[in-house]
Amino acid sequence: MTLEAWLWILAVLLVVFLLFLMVFNLLAFDELRSDHKNPVDVSASINPWVLPEYIAHGVLTLLFLIMGKWATLAINVVLLAYHIHRYLNRPKISQPGIYDPTEMFNRSVMKQCMMESTVKLGFYMLTFFFYLYSMMYTLISAD
């Protein structure tokens, strides 16, 4: 198997992880919206997963840079830049993460967080199918 095939296999696995995180975020925000959980519990359950999401996406982007996949890199750099901007401008909270429980009481902030997670879910879903196609194409053409 070639190095390029391993890149696409790793990309598919990382995007599956990121998809699960986005579904988890959306479920947590839905529980908050329907008043099944309070904002403190939602923030406490989502915040520990923010840095792993950002790191996984950063590693994926770095691998595309190293392997010279310029089109895929260009697509991912946009979201990586947004992640960096979002983390640098996060609320002042004591733990790592971007969700402040006191701001989650505001319905517009909660809707913005749900929209962000929905858009990222769509992005990861599209890239999942692209990476899966690229992986299969690379594995088939290598024979």
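First, my classes: Ala, Val, Leu, Ile, Met, Phe, Trp, Tyr, Cys and Pro count as nonpolar, Asp, Glu, Lys and Arg as charged, and the others, Gly among them, as polar. My model is predicted, with local features needing pLDDT of at least 70 and side-chain atom pairs pLDDT 80 or more, while totals for chains, interfaces and linings use all residues. Residues are numbered from 1 along each chain as its sequence is written, and side-chain values use heavy atoms, without hydrogens and water.

**Entry 1: cores.** I looked for nonpolar cores, sets of buried Ala, Val, Leu, Ile, Met, Phe, Trp, Tyr and Cys residues joined through side-chain atoms within 4.5 Å; buried is under 20% relative accessible area with a 1.4 Å probe, protein chains only. The largest has 23 residues, and Trp8, Val15, Leu60, Phe64, Tyr124 and Tyr131 touch the most other members. Helix 1 (3-33), helix 3 (50-67), helix 4 (70-88) and helix 6 (107-142) each supply at least two of its residues; helices are DSSP runs of H or I, at least four residues, numbered from the N terminus. Helix 1 gives the most, 12 residues. I also noted a second, separate core of 15 residues, including Leu32, Ile46, Val109 and Cys113.

**Entry 2: the cavity.** Which residues line the largest cavity? I found Leu21, Asn25, Ile46, Trp49, Val50 and Glu53 there; a cavity is a set of points on a 1 Å grid where a 1.4 Å probe fits but cannot get out, and lining residues have an atom within 4 Å of a point. By class, I noted four nonpolar, one polar and one charged in this lining.

Methods: Buried < 20%, exposed > 50% of the residue type's maximum accessible area, 1.4 Å probe, protein only. 1 Å grid on protein atoms, 1.4 Å probe; cavity = no way out; pocket = protein on both sides within 12 Å on 5 of 7 lines; lining within 4 Å.
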